[in-house]
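My entries follow the order in which I looked things up.

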Amino acid sequence: MKKNSKGSVFYRICYFLFAKIVGFLFRIKVVNPEAEPDEGGFLVCANHVSAADAVVICYAFRKHQVRLMAKKELFKIPGLSALIKMLGAFPVDRGGNDVGAIKHAVEMLKEGMCVGIFPQGTRHPAVDPRGTPVKNGAALIATRAGSDFLPIYLHRKNNKHKIFRRTYVIIGERMSLEEMSYQPDNAGEYKRLTEAVFDKVCALGEEFTKTLGKGKKNEC
């Protein structure tokens with residue numbers, strides 16, 4: 001049975017109460033918001049710069065609650081642990097093969113919910129994301145769930161996060177396994193798919209940067 005991808009009542013109340021504050025603190029501008037799908041069951045893939053990225057992503061999605069995979073260490077912090085759990089985040093052990101986290105993500109996608117993941121696996125501030133390594137978890141999850149990818153790029157000046165510095169969230173087009181010619185019997189498919197999705201993530205940022213450089217006001 002498909003669940004409501006718009007999120008829990010608690011989440012929607014929090015969004016209503018705090019979205020404007022979050023938008024003001026991080027000066028968030030969503031680019032191409034119409035690309036957010038109407039139906040759930042997709043895997044959001046984004047570059048990772050700051051611990052604030054999770055909040056920024058949640059702000060950017062108006063139709064869905066994005067349940068983000070987060071490092072298990074965050075769930076040991078009093079207060080923060082309870083909050084992020086209520087907002088839908090779930091822990092993953094980045095130091096090993098966390099089968100439980102993978103299964104949980106797959107189950108949520110199959111139920112029509114939206115899951116968020118950072119293919120880089122950890123934060124990479126102040127560097128070009130295209131030059132950073134990615135992990136294959138995104139492809140593993142999407143192929144087991146039979147779900148689409150949704151690439152997004154978080155753009156900040158010099159890839160550094162600061163309060164009151166403009167943050168752009170560029171939403172890309174949904175990418176299906178079929179259009180990516182997924183071949184389950186081929187070796188290296190998880191790596192190929194993950195790299196293809198992250199290549200699109202980076203391309204979104206590069207294309208947007210060119211647009212800013214062609215005369216649009218750069219509000220960074």
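I took helices (H or I, at least four residues) and strands (E, at least two) as DSSP runs, numbered from the N terminus. The model is predicted, so I note that local features need pLDDT of at least 70 and side-chain atom pairs pLDDT 80 or more, while totals for chains, interfaces and linings use all residues. Residues are numbered from 1 along each chain as its sequence is written, and side-chain values use heavy atoms, without hydrogens and water.

I next looked up the neighbours of strand 2. With strand 6 (residues 148-155), strand 2 pairs in the parallel sense over 5 bridges; two strands pair if DSSP finds at least two bridges between them. In strand 6, C45 has P151 as its bridge partner. Strand 5 (residues 114-117) also runs parallel to strand 2, joined by 3 bridges, and there the partner of L43 is V115.

I counted a residue as buried under 20% relative accessible area, exposed over 50% and partly exposed in between (1.4 Å probe, protein chains only). Of the 5 residues of strand 2 (residues 42-46), 5 are buried, so the strand is largely enclosed by the rest of the structure. F42, V44 and A46 cover one side, and L43 and C45 the other.

I traced the whole sheet: 7 strands form an open, mixed sheet in the order 1-7-6-2-5-3-4. Strand 1 (28-31) and strand 4 (90-92) are at the edges with a single partner strand each, so one side of each has no neighbour in the sheet.

Axes are lines fitted to C-alpha atoms, for helices over the stretch in contact, and angles run from 0 to 180 degrees between N-to-C directions.

Finally, I checked helix 5 against helix 6 (residues 189-213): they pack at about 105°, with axes 7 Å apart. The two helices are therefore roughly perpendicular, a class that spans 65 to 115 degrees (under 35 is roughly parallel, over 145 roughly antiparallel, the rest oblique). I listed A138, A139, L140 and T143 in helix 5 as meeting Y190, L193 and T194 in helix 6.

Terms used: Contact means heavy atoms within 4.5 Å.
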